[in-house]
Amino acid sequence: MFLKSPPLERLPEFERGPVLACYRALFAAAFLAPFVSRDAIRFRPMLVPMSLSFAAMNLLFVTAMTRTTAGAAIFLQYTSTVWAFGLGWLFFHERIDRKSLATLACVVAGIVCIVAGETSSAHFIGNLIALASGLSYAGVIVSLRALRGENAAWLIALNHLVSGLVLLPWVLTLDVSLDAAQWSLVALLGIVQMALPYVLFARGVRTVSAQDAALLTLIEPVLNPVWVWLFWRERVEYATWIGGALILGGLALRYLQPAGRRPTIS
């Protein structure tokens, strides 16, 4: 909703992606810094691919949002879970079970539906960028899996800080200046749309199962185009909704299990 707002839409199209990706990440890092304890800060080799993957995802996703619809961008980014299956198999030799294969089939069908159903050539490029953002985010997921013993607040804050700093030298060379309204929206992007949700999610997963958490987050890609339509009347192609339903249905299938076997949360 913030990215599609008229004040940010006034920024030059080709500079908008890196500028917003850079500054929203720095605002998020500043907000998250107080949540990181000094004892949690330590270097691990996997921090490098994790933070660089996050920086790539941040830039690609924001750029995709400027080149295609909000619905297509978020649905295609959610393919990250399936990309992570492949990376987990490749680097950690993790087994891919039948449920994962069924999810993969649904997601591939959804990707084909969204990309092939796009009638605008500009949106087609944006869809490919969004798909790349899902692949780069899979790198973040696999890296976080390898770093699961590290402090979550430290990892999240580092991701945002590196993402902003990597882009900053490039952004400072661009002939783009933001007015007060635009700076306010970028601050909201960093704090309300990026940093605060990570804090809330980290607190929420303490009291719900991992499956419930995964399924609840599937609300995001549905609300994303809904919010944008309500505020800015951006229409989404029917093929995008169908493809999105296939992607989300496949992910839901991956996490659902028979009711009698669900874990009890005390």
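Modeller: Let us begin with Tyr 78, which, when residues up to four places away in sequence are not counted, touches Thr 217, Leu 218, Glu 220, Pro 221, Ile 247, Leu 248 and Leu 251, where contact means heavy atoms within 4.5 Å. Before going on, please keep in mind that this is a predicted model, in which local features need pLDDT of at least 70 and side-chain atom pairs count only at pLDDT 80 or more, while totals for chains, interfaces and linings use all residues. Residues are numbered from 1 along each chain as its sequence is written, and side-chain values use heavy atoms, with hydrogens and water left out.

Tyr 78 also belongs to the largest nonpolar core, which has 61 residues and in which Leu 8, Leu 20, Tyr 23, Leu 47, Tyr 78, Trp 154 and Ile 247 are those with the most contacts. Such a core is a set of buried Ala, Val, Leu, Ile, Met, Phe, Trp, Tyr and Cys residues joined through side-chain atoms within 4.5 Å; buried means under 20% relative accessible area, exposed over 50%, and partly exposed in between, for a 1.4 Å probe and protein chains only. In soluble globular proteins, nonpolar side chains tend to be buried together.

Ile 247 leads us to the part I would like to look at closely, for this residue is among those of helix 12 that meet helix 6. Helices here are DSSP runs of H or I with at least four residues, numbered from the N terminus. Two packed helices are described by the angle between their axes and the distance between the axes. Axes are lines fitted to C-alpha atoms, for helices over the stretch in contact, and angles run from 0 to 180 degrees between N-to-C directions. Helix 6 (residues 98-116) and helix 12 (residues 238-255) pack with their axes 7 Å apart and at an angle of about 170°, which means that they are roughly antiparallel, a description used for angles over 145 degrees. Among the residues in this contact are Ala 102, Thr 103, Cys 106 and Gly 110 in helix 6, and Gly 243, Leu 246, Ile 247 and Leu 253 in helix 12. The residues of the contact divide into 13 nonpolar, seven polar and two charged; Ala, Val, Leu, Ile, Met, Phe, Trp, Tyr, Cys and Pro count as nonpolar, Asp, Glu, Lys and Arg as charged, and the others, Gly among them, as polar.

Leaving aside its neighbours within four places in sequence, Leu 253 is in contact with Lys 99, Ala 102 and Thr 103, yet it is partly exposed, with a relative accessible area of 37%. The C-alpha atoms of Leu 253 and Trp 83, which are 170 residues apart along the chain, are separated by 16 Å. In the loop between helix 11 (219-232) and helix 12 we find Arg 233, which has a positive phi of about 60° although it is not a glycine, and which counts as exposed at 52% relative accessibility.

The structure holds six aromatic pairs, where rings of Phe, Tyr and Trp (its six-membered ring) pair if their centres lie within 6.5 Å, and planes over 60 degrees apart count as edge-to-face. Phe 27 and Trp 183 form an edge-to-face pair, 6.4 Å centre to centre with 65° between the planes, and this pair links distant parts of the chain, with Phe 27 in helix 2 (residues 13-32) and Trp 183 in helix 9 (residues 180-204), 156 residues apart. Phe 27 is partly exposed at 28% relative accessible area, and Trp 183 is partly exposed at 34%. Phe 75 lies in helix 4 (residues 70-77) and Trp 241 in helix 12, so the pair ties together parts that are 166 residues apart in sequence. Phe 75 is buried, with a relative accessible area of 2%, whereas Trp 241, at 34%, counts as partly exposed.

Helix 4 itself is mostly covered, since eight of its eight residues are buried, including Ala 70, Ile 74, Phe 75 and Gln 77.

How values were computed: Helix = DSSP H or I, 4+ residues; strand = E, 2+ residues; numbered from the N terminus. Parallel < 35°, antiparallel > 145°, perpendicular 65-115°, else oblique. Phe/Tyr/Trp six-rings, centres within 6.5 Å; stacked < 30°, edge-to-face > 60°.
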